[in-house]
Amino acid sequence: MSLQPDPTPTGTAGAQSAAVELLEAVRADLSGLTLPLELPGAAAARESMRASLGQLEDYILPRYRSLDAPLLAVVGGSTGAGKSTLVNALVGHPVTRTGAIRPTTRQPILLHHPADEAWFASDRVLPTLSRVHGTLTGPAVPASAAGVTPDPSAMAQLVLLADGAVPAGIALLDAPDVDSVSDDNRALAGQLLAAADLWIFVTTANRYADAVPWRLLVDAASRDILVAVVLDRVPPGAEAEVSEDLSRMLQQEGLGGAELFVIPEAGLDPLGMLPAPAAEPIRRWLAGIAANAAGRAEIARRTLDGTVRSLAVRVESVARAALEQDEAAGQLADDVNAAYRDALATIRAASSDGSLLRGEVLARWQDFVGTGEFFRALESGIGRFRDRIGAFFRGQPPPAVRVEEAIETGLAAVVVDQGAQAAEDADQRWRSDPAGRALLGSDDLSGASEGFGEEVAAEIRAWQLDVLALIRSEGADKRAQARWMSFGVNGLGVLLMVVVFSVTGGLTGVEVGIAGGTAVVGQKLLEAVFGEDAVRRLAEEVRAGLERRCERLLERESRRFLDRLAPGTDHGGTGARVETLERRAKELAALGRAG
């Protein structure tokens with residue numbers, strides 16, 4: 001008869017629902033987590049995440065959602081240990097391939113009682129494997145994948161084979177070799193073993209101490225899974241010695257409670273079958289498990305709880321890895337931010353300490369003053385208009401415009417230079433760190449990005465337009481209109497820019513007298529036009545506007561580095577994802593103990 005779930009008490013159903021909710025939250029947390037930095041232990045943590053997600057999908061969530069489903073017994077072991085031969089012996093006729101196309105097979109066979117088919121035909125368990133329904137080929141046909149022609153290039157498929165020789169309540173799954181030369185087969189074997197309610201582990205008298213199987217057996221011990229070890233091909237007279245040594249090793253690794261079955265070395269019949277008595281003790285053991293519903297439930301719960309506890313340990317280790325990633329990413333981000341912060345500070349100082357009022361800017365300022373335009377504006381708006389007309393016909397821009405252009409060129413040179421300096425600094429800092437070096441790879445970010453100079457020039461021109469817009473807005477007052485018209489927008493704009501740049505800490509000697517002195521006159525003239533408070537406010541707005549634009553320019557440049565940290569690292573320093581993972585680990589540990 002089919003084993004269908006019994007009605008679940010309300011309290012148990014509530015606890016089960018809460019458990020599934022927690023497990024789905026853990027799956028979402030791990031799915032959204034990346035560990036992109038190449039830190040010590042990061043590769044192992046990524047593999048642990050991958051394995052944890054796989055086990056959640058393949059076993060833990062399916063088992064929690066259907067606690068009364070038949071047990072899945074996975075038969076695993078090393079290459080040539082006799083797994084398929086054992087499975088054939090357990091059902092009494094050939095049903096699985098015995099290595100004819102090893103190691104390319106990607107179609108593990110799941111044998112189940114016909115009444116249990118519904119439990120395995122859906123994607124309830126091992127949902128990432130597609131299903132293929134096999135057919136018994138009869139005792140006269142050698143084991144050839146239960147009537148399914150294998151395609152070595154195909155994705156892994158689970159071949160479902162209904163067989164009345166399998167007791168209801170338990171299914172047998174013949175897994176690929178755990179030490180296969182095929183990476184895909186080894187991974188598939190690990191996936192199937194991780195989805196098992198119990199293991200039947202097959203080894204031989206010659207290979208029972210091999211390292212690969214023991215790594216899996218130690219993992220089984222950590223999950224508290226029920227394990228039966230089948231010691232195959234034991235030479236006559238060696239049963240006691242070999243089984244005693246294997247029992248000692250199992251005891252040492254925390255598997256002292258594992259069932260141990262010994263199959264003496266024996267010849268196979270023409271169909272590749274063992275003598276019937278060889279597998280009879282294992283067959284009776286499985287039949288006893290299948291016949292005891294309470295015992296099956298206890299095995300399922302024991303394996304499930306152990307697996308959840310093991311998952312809690314892995315999630316906790318992933319949380320530590322995430323914390324290390326966040327700390328490393330934070331340091332890398334700090335290195336970049338410090339480099340560009342220093343660049344902004346240098347630009348801020350250069351644009352306010354008078355050092356920009358030298359060279360070409362100072363020469364153009366002297367031209368502006370020396371032509372008389374600056375001072376004639378005090379006397380007559382008409383004279384200034386006449387000079388403008390003359391400059392137009394001579395093909396020369398007015399001196400005020402030439403000062404603007406010189407300011408643009410000088411300021412752009414400072415910003416571009418500091419952008420390149422910051423990039424070089426950030427690149428050097430990252431290359432001194434293994435994680436940063438891995439993020440950079442072969443890319444050279446030690447200079448400003450292509451087109452940065454054009455971006456800077458555009459931002460400075462936009463800033464100068466902002467200055468002129470402020471002048472227009474402030475000059476809209478009718479009482480100031482006449483004086484405002486005398487100087488013109490460009491003239492007053494130049495005065496305001498010079499005032500912003502005119503703190504003369506960066507100048508020496510004659511430069512101080514020329515730039516500083518005329519700037520003071522310019523400030524007084526602005527105050528005469530707009531008033532002292534308005535000039536102070538305008539200067540602050542202009543200075544703040546320039547700083548905002550420079551900050552945006554450098555922030556965009558820094559993204560070349562910082563974007564390599566995201567997504568996947570909390571370099572903002574909130575630690576939220578680490579706290580969440582740590583809390584999940586504690587909740588999982590409590591869930592595993594509660595069972």
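1. R301 and D305 both sit in helix α9, four residues apart, about one turn of the helix. Helices here are DSSP runs of H or I, at least four residues, numbered from the N terminus. The two side chains meet in a salt bridge (3.4 Å, N to O). That term needs a side-chain nitrogen of Lys or Arg within 4 Å of a carboxyl oxygen of Asp or Glu. D305 is buried at 4% relative accessibility, while R301 is partly exposed at 27%. Buried is under 20% relative accessible area, exposed over 50%, partly exposed in between (1.4 Å probe, protein chains only).

2. This is a predicted model: local features need pLDDT of at least 70, side-chain atom pairs count only at pLDDT 80 or more, and totals for chains, interfaces and linings use all residues. Residues are numbered from 1 along each chain as its sequence is written, and side-chain values use heavy atoms, without hydrogens and water.

3. Y64 touches both R301 and D305. Its other partners include L23, L304 and L591. Contact means heavy atoms within 4.5 Å.

4. Y64 is also among the members with the most neighbours in the largest nonpolar core, which has 72 residues. Such a core joins buried Ala, Val, Leu, Ile, Met, Phe, Trp, Tyr and Cys residues through side-chain atoms within 4.5 Å. Helix α9 (residues 293-350) gives the most to this core, nine residues. A second, separate core has 57 residues, including L439 and F530.

5. The structure holds 36 salt bridges. R27 and E57 form one of them (3.1 Å, N to O). R27 lies in helix α1 and E57 in helix α2, so the pair ties together parts 30 residues apart in sequence.

Methods: Helix = DSSP H or I, 4+ residues; strand = E, 2+ residues; numbered from the N terminus. Lists of a residue's contacts leave out its neighbours within four places in sequence.
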